[in-house]
Amino acid sequence: MTPQDLMKQEVGKAAAARVQSNSIVGLGTGSTTAFAIEYIGKRLAAGEITNVKGIPTSFQATVLARQYGIPLTTLDEVDRIDIAIDGADEVDPNKNLIKGGGAAHTQEKVIDALAAQFIVVVDNTKLVDKLGSTFLLPVEVIPMAVTPVMKAIEKLGGKPQLRMGIKKAGPVVTDQGNLVIDVKFDSIDNPAELEKTLNNIPGVLENGLFVGVADLILVGEVKGDQVIIKEM
Ligand code: 5RP
């Protein structure tokens, strides 16, 4: 395992340790959250916790939850989400995030925002002073609106590019059947305003700015030959 994978594993485990019996858990998407899903499943199998149900944020989370034996439910069947665990692509000092590296940010935002407690799991490479400095901002768009949305984003000063598939010809298609535009902004000075402005463009479903949603950030960091977990 690489040091980064080790950080992801340990931070995922630390978040899974916070899940309590009789709770509804939002299951995020990505390689870090995958470890959290694995350890929630292991705690259930060991009888350490009981009566836990997950609400997945993506097809990936659904598959992993089934693999690790976590019973699933839906937003139509519950009146609360106690805790959500999810990764991020960037985290700023105000706990604002860029998400969507796995093209799952639309469902993630619904579930993470509804949770009584939203815990973000990252390794320390994800911490930035300013959002947009290392990662392009993902914007989910309905397919017929891709061209006008790209033009509108250019007018806002962004440089848009359609996300293309890997080991799949053509663009990435989201779990909702939409496309993703990744946008480079020179400087995201006001994430809250940009989040609203982008979502106001006709044809945009959701963007990857998560402003004021995260309650706690768990950060994995390698110290010597150990991984320590810091809280933000
Ligand atoms: C998916 C996401 C992921 O949570 C984010 O991309 C982080 O993934 P990873 O833990 O694999 O680095 O937002 O849409």
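1. Leu-127, in this predicted model, touches Val-91, Val-219 and Met-232 once residues up to four places away in sequence are set aside. The residue sits in the loop between strand 6 and strand 7 (137–141), and Leu-127 and Val-91, although 36 residues apart in sequence, have C-alpha atoms 5.0 Å apart in space. With a relative accessible area of 37%, Leu-127 is partly exposed, and because burial requires a value under 20%, Leu-127 does not count as buried.

2. The largest nonpolar core has 24 residues, and those with the most contacts inside it include Val-19, Val-25, Leu-27 and Ile-40. Among the elements that give two or more residues to this core are helix 1 (3–16), strand 1 (23–27), helix 3 (59–67) and strand 12 (216–223), while helix 2 supplies the largest share, six residues.

3. Which residues does Val-25 touch, not counting those up to four places away in sequence? The contacts of Val-25 are with Val-19, Ile-40, Val-52, Lys-53, Gly-54, Ile-55, Ile-81 and Ile-83. Apart from the core of 24 residues lies another one, of 20 residues, with Ile-98, Val-128, Val-149 and Ile-201 among its members.

4. An open sheet of three strands runs in the order 4-5-11 with antiparallel pairing, and its edges are strand 4 (90–91) and strand 11 (209–210), each of which pairs on one side only. Strand 5 (residues 97–98) joins strand 11 in the antiparallel sense over two bridges, and Leu-97 stands opposite Phe-210 in strand 11.

Notes: Residues numbered from 1 in each chain as written. Predicted model: local features only at pLDDT ≥ 70, side-chain atom pairs only at ≥ 80, totals over all residues. Heavy atoms only, no water. Core = buried A, V, L, I, M, F, W, Y, C linked by side-chain atoms within 4.5 Å. Buried < 20%, exposed > 50% of the residue type's maximum accessible area, 1.4 Å probe, protein only. Helix = DSSP H or I, 4+ residues; strand = E, 2+ residues; numbered from the N terminus. Contact = heavy atoms within 4.5 Å. Pairing = 2+ DSSP bridges.
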